[in-house]
Amino acid sequence: MQTKLWKLETKRDQAIAEAAALIRKGEVVAFPTETVYGLGANGLDGMACRKIFAAKGRPADNPLILHIAEKEDMEALTKGLSPMAQALMEAFWPGPMTLIVPKSDKIPDVVTAGLDTVAVRFPSHPVARDLIRAAGCPIAAPSANKSGKPSPTTAQDVLLDMDGIIAGVLDGGACDIGVESTIIDTTGKDPVILRPGGITREMIKMAMGRVALDPGLVKKGETPKAPGMKYRHYAPTAPMLLVEGPEASLGLIRLAIMAEAHGLRTGVIALKATVDHFPKGGNFVIHNGGATLEAYAGTLFHDLRAFDSEGVDLILGEGVREDQMGLAIMNRLRKSAGHNIIWAEGGLLYHRSGAVPECLRTLVMEGMPER
Ligand code: TXA
Ligand code: MG
């Protein structure tokens, strides 16, 4: 299949109309949202949605998000909204928030993977909204990557995974937020975050007075309630270590120097303050994540993908504090690193979980101190 790439600087409306017509015909088209690019198909057409699963190589037990273009479009998709769901819609839509609500009977089972709930999102990106309006149906869309890879945040990153596999890509430039939407389960007493994202825990607490985190996100042995959260995800090809703790910055630099001394071409993804302290002239491949958590989130997936073509042997990532956007960033980074985690504190490095390359083991203490 020839994959069409629509640039939107000129003939924007015509491009969106063409993409919408393909969606109405049952084809799959990728489009930008404010979080990441989505892989869209008619959300009420089971056959079309099956094509999404095939294109991604996505397990059939992992349900899709339905994207709408007006708050009112929610009504037809649900058996009924709790006052909590309505308050969240008022507070945060359009925007990077997905709500889990009881599903209506007209949604095909393939979309919800047989669950009795459905995930719905009203994106704020103007291209996404115009596409959904023009298609005239809710658009089912997961992130537009092959299953297991980092989500794409540019049209070029979409093509790396999907060229020749889908009907087309609407190129709306780089996504603003860079990590996927916050998923909130509204079917219980309190709002429960199933996946942290652009709408932070603090923002939800502020608006609703209460918020919980799915235990499956934080406790070992608990199964996450969002089926997709249990899979290995966002994984670059080279092995990756995540450095966490109060001295993550310094610890990461020490590990990088050691890895380089052993001849490893080392990829680094870190905040600006850490990058500024790196020794000059080494054989490092450094991606500067910027000075703020928002900047770090914005380029995270693109940087992780870049390592695949930069031929690095090892990737070192810098952990951040888990408040505000830090919660979403750490959720993605830990998965990217396959939970290979080093803790830096008190001038020492500790092995927290996962694997450590042989050559770095002399630097790393076994066993964590009591705290
Ligand atoms: O920002 C986003 O949300 C992006 C853009 C394209 O909108 N989409 C996205 O979709 O990240 P995807 O498919 O990559 O992630 C959807 C997540 C999966 O973890 C899935 O298991 C979960 O939502 N999910 C979908 N329906 C659910 C349901 N009924 N109950 C619980 N989790 C659900
Ligand atoms: Mg995804």
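This is a predicted model: local features need pLDDT of at least 70, side-chain atom pairs count only at pLDDT 80 or more; totals for chains, interfaces and linings use all residues.
User: Is Leu 8 buried or exposed?
Analyst: Buried means under 20% relative accessible area, exposed over 50%, and partly exposed in between (1.4 Å probe, protein chains only). Leu 8 has a relative accessible area of 11%, so it counts as buried.

User: What separates the C-alpha atoms of Leu 8 and Gly 172?
Analyst: Along the chain, Leu 8 and Gly 172 are 164 residues apart.

User: How many of the residues of helix α12 are buried?
Analyst: Helix α12 covers residues 326–336, and its buried residues include Leu 327, Ile 329, Arg 332 and Lys 335. The helix is largely enclosed by the rest of the structure, because the buried count is 11 of the 11 residues.

User: Which residue with a positive phi follows α12?
Analyst: The phi in question is near 55°. The residue that follows α12 with that value is Gly 338.

User: What is the volume of the largest cavity?
Analyst: A cavity here is a set of points, on a 1 Å grid over the protein atoms alone, where a 1.4 Å probe fits but cannot get out; lining residues have an atom within 4 Å of a point. The structure holds 1 cavity of 30 Å³ or more. Its lining includes Thr 182, Arg 201, Gln 324 and Leu 327. The volume is about 30 Å³.

User: Which domains each give at least three residues to the lining of the largest cavity?
Analyst: The lining divides into 5 nonpolar, 4 polar (Gly counts here) and 1 charged. Domain bounds come from an automatic or database domain assignment. The domains are domain 1 (2–215) and domain 2 (238–364).

User: What radius of gyration does the protein chain have?
Analyst: The globule rule is 2.2 Å times the number of residues to the power 0.38, with the radius taken over C-alpha atoms. With 371 residues, a compact globule would come out near 21 Å, and the chain agrees, at 21 Å.

Key:
Residues are numbered from 1 along each chain as its sequence is written. Chains are lettered from A and ligands numbered from 1 in the order in which they are written. Side-chain values use heavy atoms; hydrogens and water are left out. On a 1 Å grid over the protein atoms alone, a cavity is a set of points where a 1.4 Å probe fits but cannot get out, and a pocket is an open set with protein on both sides within 12 Å along at least five of seven lines; lining residues have an atom within 4 Å of a point. Grid points are joined across faces, edges and corners, and a volume is the space filled by probe spheres set on the points. Helices (H or I, at least four residues) and strands (E, at least two) are DSSP runs, numbered from the N terminus.
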